[in-house]
Amino acid sequence: MSVLRCKVRVSEVLHSKDADGTTSQERVKLQAVYSQDAESENAKWSKWTPNANFELYINNPDAFGKLSSGHEFFVDFTPADDAE
């Protein structure tokens, strides 16, 4: 099986704060990016308007701020080894 790739855009980042005001968690929402270009990455998995929604809950302070609204990323679906 080959890798399946789609392009997503961060639509929202919500911060959960501790009582002292420090961020304890980020909830990041991502949605598929639409393109009319038949050669675009999303056209390879979705014939018309792609539909994908992801939600990430990040609770590692080293990862906070890595994803922000409006930025676009590729998401690759690569088969995983069943042994893991």
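**View 1. Ala-32, a buried residue in a predicted model.** Ala-32 is buried, because its relative accessible area is 18% and the cut-off for buried is under 20%. The model shown here, as in every view, is predicted. Ala-32 belongs to strand E2, which covers residues 23-32. Leaving aside neighbours within four places in sequence, Ala-32 has contacts that include Lys-7, Val-8 and Asn-42. Trp-45, Pro-50, Asn-51 and Ala-52 are also among its contacts.

**View 2. Asn-53, an exposed residue in strand E3.** Strand E3 spans residues 53-58 and holds Asn-53. Is Asn-53 buried or exposed? Asn-53 counts as exposed because its relative accessibility is 56%, and exposed means over 50%. The side chains of Asn-53 and Gln-31 make a polar contact at 3.5 Å. Leu-67 is 14 residues from Asn-53 along the chain, and their C-alpha atoms are 15 Å apart.

View 3. E1 and E2 pair antiparallel, over nine bridges. Within this pairing, Glu-12 has Lys-29 of E2 as its bridge partner. Five residues lie between the strands in the hairpin of E1 and E2. Look there for Gly-21, which takes a positive phi near 95 degrees. E2 also runs antiparallel to E3, joined by six bridges. Here Val-28 stands opposite Leu-56 in E3.

**View 4. The largest nonpolar core.** Nine residues make up this core. Among them are Cys-6, Val-8, Val-10 and Val-13. Val-28, Leu-30, Ile-58, Phe-64 and Leu-67 also belong to the core. Which strand gives the largest share? E1 does, with four residues. Strand E1 (4-17) and strand E2 each supply at least two residues of the core.

**View 5. Val-28 and its contacts.** Val-28 is one of the core residues. Setting aside residues up to four places away in sequence, Val-28 touches Val-10, Glu-12 and Val-13, among others. Its other contacts include Phe-54, Glu-55 and Leu-56. Ile-58 and Leu-67 are touched by Val-28 too.

**View 6. Arg-5 over the ring of Phe-74.** Arg-5 lies over the face of Phe-74. The distance to the ring centre is 4.2 Å. As for aromatic pairs, a search of the whole structure finds one.

Note on methods: Residues are numbered from 1 along each chain as its sequence is written. This is a predicted model: local features need pLDDT of at least 70, side-chain atom pairs count only at pLDDT 80 or more; totals for chains, interfaces and linings use all residues. Side-chain values use heavy atoms; hydrogens and water are left out. Rings of Phe, Tyr and Trp (its six-membered ring) pair if their centres lie within 6.5 Å; planes under 30 degrees apart count as stacked, over 60 as edge-to-face and the rest as tilted. A charge sits over a ring if NZ of Lys or CZ of Arg is within 6 Å of the ring centre and within 35 degrees of the ring normal. Buried means under 20% relative accessible area, exposed over 50%, partly exposed in between (1.4 Å probe, protein chains only). Contact means heavy atoms within 4.5 Å. A nonpolar core is a set of buried Ala, Val, Leu, Ile, Met, Phe, Trp, Tyr and Cys residues joined through side-chain atoms within 4.5 Å. A polar contact is a pair of N or O atoms within 3.5 Å; within protein, one must be able to donate a hydrogen and the other to accept it, and residues adjacent in sequence count only if both atoms are side-chain atoms. Two strands pair if DSSP finds at least two bridges between them.
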